[in-house]
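This briefing presents a protein structure to a reader who is new to the subject. Please look at the sequence and the structure before reading the notes that follow.

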Amino acid sequence: MYGFCVRWRGWIKQCIYTARVSVLVNGSPTEEFSMEKGLCQGDFLSPFLFNMAAEDLSGMLKISCDLRLIEGIDLGQSQLSILHLQYADDTLIFSSDKLSSLQNIKRILQCFELVSGLKVNLLKSSITRTGIEEVVVANTASNLRCIVTGQPLKYLGLPIGAVSSRTSKWHPAISRISFKLSSRKGKRLSIGGRICLIKLVLNNLPIYFLSLFPVPITIAAKIERKRRSF
């Protein structure tokens, strides 16, 4: 599909099949052994190769949509059609409430497993509803053998479907800031170290939320209080 030459594929195979690892047991390394398949955790090739495989899943979903085997959703007056969103190993698939469309999505995932060798864990997958009766979602989840989650749901650490004016959705960000700027850590740092940590934590953690949600005044004041107390 990507047109990689034989030499390039040989290089990748050498990186995968010639790697040897050792396990620490009570602080002492064991004898090295070869892995049967896959890459060791933290290997820089892992996300690169996974994205190539995930691109095939995206293509399978698009082709199935063109053949009208599955249906996405239309948003807004422009009727923007959305079928799926992918970021690294997180995939969010949109579908109508037709059982045939949902069953075909499951079949596509099964075909993807056979082609790529990757296993889709449906027990860790979830389905949520928007404007659909709970009974329909429960029956669909039972048919697909996955779990049902309500809204707001978490995707990439962000609460999706939450009311933007509520401060409760900012609790995860506040909790992370409180953990990073605990008084126990502050006692071990100099003034310069505290300033660096404040800039690192408070200038980076909320930005992820601010990319989508406007920060309420009360939350901004709480973050500022934590900055000053630290």
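Is Arg68 buried or exposed? Arg68 is exposed, because its relative accessible area is 76%; exposed means over 50%, buried under 20%, and partly exposed in between, with a 1.4 Å probe and protein chains only. The model is predicted, so local features need pLDDT of at least 70 and side-chain atom pairs count only at pLDDT 80 or more, while totals for chains, interfaces and linings use all residues. Residues are numbered from 1 along each chain as its sequence is written, and side-chain values use heavy atoms, with hydrogens and water left out.

**Positive phi in loops**

- Most residues other than glycine have a negative phi.
- Arg68 has a positive phi near 60°, and its place is the loop between α2 (45-66) and β5 (73-75). Helices (H or I, at least four residues) and strands (E, at least two) are DSSP runs, numbered from the N terminus.
- Asn26, in the loop between β2 (24-25) and β3 (28-29), has a positive phi near 55°.
- Asn26 counts as exposed because its relative accessibility is 81%.

- Strands β7 (residues 84-87) and β8 (residues 90-93) run antiparallel and are joined by four bridges; two strands pair if DSSP finds at least two bridges between them.
- Leu85 is placed opposite Leu92 in β8.
- Two residues lie between the strands of this hairpin, where Ala88 takes a positive phi near 55°.

**Helix α3**

- Ser101 is part of helix α3 and is buried, because its relative accessible area is 1%.
- Beyond its neighbours within four places in sequence, Ser101 is in contact with Leu69, Ile70, Glu71, Ser95 and Ser96; contact means heavy atoms within 4.5 Å.
- Glu113 also belongs to helix α3 (residues 99-116).
- Glu113 counts as buried because its relative accessible area is 18%.
- Not counting residues up to four places away in sequence, Glu113 touches Leu118, Lys119 and Val120.

**A nonpolar surface patch**

- Val23, Val25 and Phe33 form a nonpolar patch on the surface, with about 230 Å² of accessible area together. Accessible areas come from the Shrake-Rupley method with a 1.4 Å probe, and for residues only the protein chains shown count as cover.
- Patches are made of residues with over 30% relative accessible area and no salt bridge, where like charges are joined within 9 Å and nonpolar side chains (Val, Leu, Ile, Met, Phe, Trp, Tyr) within 5 Å. A salt bridge is a side-chain nitrogen of Lys or Arg within 4 Å of a carboxyl oxygen of Asp or Glu.
- Phe33 lies in strand β4 (residues 33-34) and is partly exposed, because its relative accessibility is 36%.
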